[in-house]
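User: I am new to reading protein models. Please take one part and walk me through it closely, then show me how it connects to the rest.

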Amino acid sequence: MVKATIEKGSAKLLNAWAFYDWANSVYTLTIASSIFPIFYAALFTSDDALVTAFGFEMKPTVLIEIVTAFTFLVVAIFSPILSGIADYVGNKKNFMKFFCYLGSAGCMGLYWFDLEHIHTSLLFYFMGLLGYWGSLVFYNSYLPDIAFEEQQDAISAKGFALGYFGSVLLLLLNLAMVMKPQWFGFDIGTTEAALNLAKFEAMKVSFITVGLWWAIFSQYTFYVLPKGVSTGHKVTKQVVFNGFQELKLVWKQLKSNLRLKRYLEAFFVFSMAVQTIMLVAVYFGEQEISWASDSEKTTGLIISILVIQLVAIGGAFITSKASMVYGNIKTLIVVNFIWLCLCVYAYFMITPMQFYIAASLVGLVMGGVQALARSTYSKFLPETEDTTSYFSFYDVAEKIGIVIGMMIFAAVDHFQTMRFAILFLLVFFLIGMLLLLRVPKKKAS
């Protein structure tokens, strides 16, 4: 039985696309932003502990920052190749599935993360991060295919909102597992050491729940989304590198699209800082905030992430509404200014309450800047059926920006402190604002 084609712009198609955010956002919340950073920090006995990996001795945070930057470099290199193949073969949904399942397996593999097998452990971390961002290359490229221009801001915001809501639900379960392990059958023993061991085991089990959630809930999206037009062509060496040729072609076309070109320049700079902050926020809170005890630290960090997610749901819609009134570019300039102020505030914050306030403000602008950046790019695209190549270019620009941002952050962290590294990122928000001011209001005729 052949499945009927669903028309572009239909509610079912839009909702199925947005539902993938529900499926995969649990990775960013539990693995990238909350429980894994706490778990990773708990592996080390003191704040000044060092870790040896790849023949070097370094701070644990620097190691994660470097591995994260390397992963984004891999995504930046291989996404054009995969996008080129997907366009040629005509089935980008299969590539999206591959990265989804790769990331899901990586999350579940983190259950076995330990310092004795640090390189294998980091491989699982690498798989999760690669799977998440690799699948987004193809997920984002569906947006102009399934939604008309006037629908794109709203459905992009809805996707992020669904992601925040779904990931919060799973994090609440994971939080209960960590804080009350006896409720879930973990042996808490009679000593504090036994209780801490049970909490540690609960964190590991939470990684498995993330992998399962991601793989299971993505099935609805995969069922409804069109796979593309199958060409029946075989993949050759020329096809493999066709993605880079497409990026080169997009680069040439940008010269005649001043608005899109200048917007991409601004996006490259401010996204570099936004993504870096989101990737290191919990590591910062774990190291730089004065918590009364380890228990308060664990609870406080997870609560702050919950605050970010809940506020971000409203933030995404507020930003979407503001863009309708004031325009996308003006709204993005204001959002960048708020991020700049947050960098200054973060440099001086010490207490948990100050950290919670920062988390609330981050949530307000985090969802807004991501959703609006994606939909603004989609709206600025020229009329073309080759959306995958344009979104591949967008993703490569974002990933290279993250690589640069994370390496700069790691270098400052290594020679100074994370506190100073966060302050340094305000430079990129300032430059991003100035570049956004240069974006033409209307498309050149």
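Analyst: Let us start with one pair of side chains. This is a predicted model. In it, Arg438 and Glu265 form a salt bridge, with N and O 3.6 Å apart. Glu265 belongs to helix 11 (residues 258-288), while Arg438 sits in the segment after helix 17 (426-436), so the bridge ties together parts that are 173 residues apart in sequence.

The cut-off matters here: buried means under 20%, and exposed means over 50%.

Now go to another bridge of helix 11. Glu288 pairs with Arg419, N to O, at 3.5 Å. Glu288 lies in helix 11 and Arg419 in helix 16 (residues 418-424), so this pair ties together parts 131 residues apart in sequence. Here both partners, Glu288 and Arg419, are buried.

Salt bridges can also share partners. Lys261, Glu265 and Arg438 are joined into one network in this way. Why do such pairs form? Side chains of opposite charge can pair when their charged atoms come close.

How many salt bridges does the model have? The count comes to seven. One of them joins Lys59 and Asp413, whose closest N and O atoms are 3.6 Å apart. Lys59 is in the loop between strand 2 (56-58) and helix 3 (60-89), and Asp413 is in helix 15 (residues 387-415), so the pair links parts 354 residues apart in sequence. Lys59 has 26% relative accessibility, so it counts as partly exposed. Asp413 has 1%, so it counts as buried.

Empty space is found by rolling a probe the size of a water molecule over the atoms. The model has four cavities of 30 Å³ or more.

Ser304 lies in helix 12 (residues 294-326). At 1% relative accessibility, Ser304 counts as buried. Leaving aside its neighbours within four places in sequence, Ser304 is in contact with Phe355, Tyr356 and Ala359.

Next comes helix 14, where Ser375 is found. Ser375 is buried too, with a relative accessible area of 1%. Beyond its neighbours within four places in sequence, Ser375 touches Gln152, Asp153, Ser156 and Asn328. Ser33 is 342 residues from Ser375 in sequence, and their C-alpha atoms are 24 Å apart in space.

Finish with helix 8 (residues 192-224). At 1.5 Å a residue, its 33 residues should span 48 Å, and the end C-alpha atoms are 49 Å apart, which agrees. Helix 8 also has a kink of about 30 degrees, centred on Ser218.

Notes:
Residues numbered from 1 in each chain as written. Predicted model: local features only at pLDDT ≥ 70, side-chain atom pairs only at ≥ 80, totals over all residues. Heavy atoms only, no water. Helix = DSSP H or I, 4+ residues; strand = E, 2+ residues; numbered from the N terminus. Expected span 1.5 Å × (residues − 1). Bend = angle between axes of the 7 residues up to and from the residue. Salt bridge = Lys/Arg side-chain N within 4 Å of Asp/Glu carboxyl O. Buried < 20%, exposed > 50% of the residue type's maximum accessible area, 1.4 Å probe, protein only. Contact = heavy atoms within 4.5 Å. 1 Å grid on protein atoms, 1.4 Å probe; cavity = no way out; pocket = protein on both sides within 12 Å on 5 of 7 lines; lining within 4 Å. Points joined across faces, edges and corners; volume = space filled by probe spheres on them.
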